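This report walks through one protein model for a reader who meets it here for the first time. Please look over the sequence and the structure before reading on.

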Amino acid sequence: MIALDHVTMKYPTGVTALDDVSLKINDGEFVFVVGSSGSGKTTLIKLLLKEIKPTKGEITVGDMRYSTMKRKDVPMLRRKMGVVFQNFRLLKDRTVFENVAFAQQVIEKPQKEIRRQVPAILTMVGLAQKYKQYPRQLSGGEQQRVALARAIVNNPELILADEPTGNLDPNNSMEIMNLLEQINKKGTTVIVVTHNKEIVNNMQKRVVTLKKGKIISDEEKGGYHNED
């Protein structure tokens, strides 16, 4: 379970990005977080990744309380998470296979496992035939599928997807969302930050809407609301 308990995040500039936010997400849920620019969505992702510390409040992921977590435990926390970004963040000098394998090398998986698991994940995302290609040889949709494969190859408990379809056309966007739905059905918790109203309305998942740092709605099988 993910829990934010009265979390406030005020930056040194004086901007309050999140204002007394309390939120619970159960294991295995699929949740969209929506809202206009400046609503606090990206700050929420950074807090969950423990890139920044909240000004007030407590964050808990599973059995890990962020306020008491030692710095040496942060890598262990992040191993439980797979992250997908809007701009793919692939290693340009490595092949598709090497990009996905890198996520396993970081946590020192044996080469035998890497050789077995990476092809299986690339098959799942429809890129088995392109394992020798470099990112520059792929379309935007294919690059995002590589990024997704890298995020899921270590079987994380949680996927954080920050505008994963922001640079994609509608067809590729739905393909990525369908893959995330497949992963969710296997038990992985999925949190998607997005501006894409069509996807949110089509998928009918839980929708948390932020406005000026506050949650203004939280609906099961909701749609994309304008924040007014």
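Helices (H or I, at least four residues) and strands (E, at least two) are taken as DSSP runs and are numbered from the N terminus. The model is a predicted one, in which local features need pLDDT of at least 70 and side-chain atom pairs count only at pLDDT 80 or more, while totals for chains, interfaces and linings use all residues. Residues are numbered from 1 along each chain as its sequence is written, and side-chain values use heavy atoms, with hydrogens and water left out.

**The sheet**

Two strands are said to pair if DSSP finds at least two bridges between them. In this sense 6 strands form an open sheet of mixed pairing, in the order β6-β7-β8-β3-β9-β10. Its edge strands, each of which pairs on one side only, are β6 (81–85) and β10 (214–219). Angles here run from 0 to 180 degrees between N-to-C directions, and axes are lines fitted to C-alpha atoms, for helices over the stretch in contact. Neighbouring strands of the sheet are turned by 15° against each other on average, with direction ignored. Within the sheet, β3 pairs with β9 (residues 206–211) in the parallel sense over 4 bridges, and V31 has R206 in β9 as its bridge partner.

**Helices against the sheet**

Contact means heavy atoms within 4.5 Å. Helix α1 lies across β3, β6, β7 (158–162), β8 (189–193) and β9, and runs at about 145° to β7. Helix α5 (residues 140–152) also packs on the sheet, where it touches β6 and β7, and its direction makes about 165° with that of β6.

A residue is called buried under 20% relative accessible area, exposed over 50%, and partly exposed in between (1.4 Å probe, protein chains only). Because 6 of the 8 residues of α1 are buried, this helix is largely enclosed by the rest of the structure; the buried ones are K41, T43, L44, I45, L47 and L48.

**Loops**

G38 is found in the loop between β3 (30–34) and α1 (41–48), and this glycine is exposed, with a relative accessible area of 69%. Although G38 and K211 are 173 residues apart along the chain, their C-alpha atoms are separated by 7.9 Å. K212, in the loop between β9 and β10, is exposed as well, with a relative accessible area of 68%. R89 has its place in the loop between β6 and α3.

| Residue | Phi |
|---|---|
| K50 | about 60° |
| R89 | near 55° |
| K212 | about 50° |

**Charges over rings**

A charge sits over a ring if NZ of Lys or CZ of Arg is within 6 Å of the ring centre and within 35 degrees of the ring normal. The charged end of R89 sits over the ring of F85, 3.7 Å from its centre, and K205 lies over the face of F30, at 5.3 Å from the ring centre.

**The nonpolar cores**

A nonpolar core is a set of buried Ala, Val, Leu, Ile, Met, Phe, Trp, Tyr and Cys residues joined through side-chain atoms within 4.5 Å. The largest such core has 39 residues, and those with the most contacts inside it include F30, F32 and M177. Helix α5 gives the most to this core, with 6 residues. Leaving aside neighbours within four places in sequence, M177 is in contact with F30, F32, T165, V192, I199 and M203. A second, separate core of 32 residues includes I2, L18, L47 and L49.
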